[in-house]
Amino acid sequence: MMEEKWEALPQAKRFHAPLQAGDTEEVTRGCRHTDPDICSKNSMPGVCAFVREDGMCHAPPRSWRRQYAKLKALAEHRSSEGLRWK
Ligand code: SF4
């Protein structure tokens, strides 16, 4: 169910979406770029989620590290409150 929601999200909203399985500070599941067309590593073999078989991005936007920390803190808060993402 979480996967269906992720797949249905418009690209521009993925940067702010809750953490997905496999997300780390340095790697993201799918593309978190708000505009992949301007990403210098778009379609780079072995790096870009759009061309990797596992669908993981190994070069998320520079702003991702901070966003990851924010989303992680939010997930931990929600977890401690017993809340879950819709
Ligand atoms: S390299 Fe990563 S951020 Fe850039 S377009 Fe590919 S998946 Fe998106």
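1. Confidence. The protein chain has an average pLDDT of 91, and 91% of the residues score at least 70; pLDDT is the predictor's confidence in each residue, from 0 to 100. This is a predicted model, in which local features need pLDDT of at least 70 and side-chain atom pairs count only at pLDDT 80 or more, while totals for chains, interfaces and linings use all residues. Residues are numbered from 1 along each chain as its sequence is written.

2. Confidence by element. The lowest mean pLDDT among the elements of the protein chain, 71, belongs to helix α1 (residues 2–8), and the highest, 98, to strand β2 (residues 56–57). Where pLDDT is low, the predicted coordinates should not be read in detail.

3. Architecture. Three helices and two strands make up the elements of the protein chain, in the order α-α-β-β-α from the N terminus. Helices (H or I, at least four residues) and strands (E, at least two) are DSSP runs, numbered from the N terminus. The C-alpha atoms fill a box of roughly 40 × 25 × 20 Å along the principal axes.

4. Ligand shell. Of the 14 residues around the ligand, those that come nearest are Cys31, Cys39, Cys48, Ala49 and Cys57; a residue is near a molecule if its C-beta atom, placed from the backbone, lies within 6 Å of it.

5. Arginine 65. This residue lies in helix α3 (residues 64–80).
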